[in-house]
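Visitor: I would like to understand some side-chain contacts in a protein model. Could you guide me through them step by step?

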Amino acid sequence: MIPRRARRPAADTPLAHRIASVLLRYPDETMLACLDDVTAVLPAVADPADRTRLATACDHLRRLPSTEAAQQYVDTFDHTRRRSLHLTYYRHGDTRARGMALLALKHAYRQAGHEPPEAELPDFLPLILEFAALAPEPGHRILLQCRAGLQLLRQALHEHSTPYAGVLDTLCGRLPEPARHERDAWRKLAAEGPPGEHVGLEPFGPPEQTGPEPFAPPGHPAPSAYPTQRASLSAKEGR
């Protein structure tokens, strides 16, 4: 059972998001090289249970040969959509609504001053977490909007018996306690799956033509490049 958390995120949440972003990426040479950085900053994660969960996933990856780590990642996340790291799929499936949700996420990144990379869909969980580490308030809002996907992914990872499940426990445990109607909606999605309308993922118009942006924070900061390469982990994020 994940303990109930206060609505205000803990001070070390940006660091936890940065660590989780690393651990949930494909374990190529660049990602595996970051594991030493993860180990170095884990003591700055204040919650002992979260620290243990993240350390377990990190240690698991460190012990595996790189080819085995890659194969386990593919088996876990790429062979079934029940464990997809693309969070809008859980609520919208491959529908027009998902196309609009993806466009809304891109707009939210840009409103916060970060340009999302073209190489990844904006609902890719490691990308969302990297953004949340850099821009905690809008990142927190995005995670709340995508919480159905987080919860369903967490459940599926536990059923798959993988150390990655502990990473999702940490992420879900740092969000506010869900309302009863939210839990009911998640159970329905888990039982029935997402909608089945297959219309592609292309956006159907810019946000200014399609209504208010559900993710965007107030204000229009100047844009800056969104970091997609290896980002350094700092214990200062946990203070």
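Guide: A polar contact is a pair of N or O atoms within 3.5 Å, where, within protein, one atom must be able to donate a hydrogen and the other to accept it. Please keep in mind that this is a predicted model.

Visitor: With the side chain of which residue does R62 make a polar contact of 3.5 Å?

Guide: R62 lies in helix α4, which covers residues 48–63, and, leaving aside residues up to four places away in sequence, R62 touches L35, D36 and T39. A polar contact of 2.7 Å joins the side chains of R62 and D36. The polar contact of 3.5 Å links the side chain of R62 with that of T39.

Visitor: Is R62 buried or partly exposed?

Guide: Buried means under 20% relative accessible area, exposed means over 50%, and partly exposed lies in between. The relative accessibility of R62 is 40%, so R62 counts as partly exposed.

Visitor: How many aromatic pairs are there, and why is the pair of Y73 and Y164 called edge-to-face or stacked?

Guide: Ring centres must lie within 6.5 Å to pair, and planes over 60 degrees apart count as edge-to-face. By this rule the count comes to 6 aromatic pairs. The ring centres of Y73 and Y164 are 6.1 Å apart and their planes stand at 80 degrees, so this pair is edge-to-face.

Visitor: Which helices hold Y73 and Y164?

Guide: The pair links distant parts of the chain, with the two residues 91 residues apart. Y73 is in helix α5 (residues 66–77), and Y164 is in helix α11 (residues 164–173).

Technical notes:
Residues numbered from 1 in each chain as written. Predicted model: local features only at pLDDT ≥ 70, side-chain atom pairs only at ≥ 80, totals over all residues. Heavy atoms only, no water. Phe/Tyr/Trp six-rings, centres within 6.5 Å; stacked < 30°, edge-to-face > 60°. Helix = DSSP H or I, 4+ residues; strand = E, 2+ residues; numbered from the N terminus. Buried < 20%, exposed > 50% of the residue type's maximum accessible area, 1.4 Å probe, protein only. Contact = heavy atoms within 4.5 Å.
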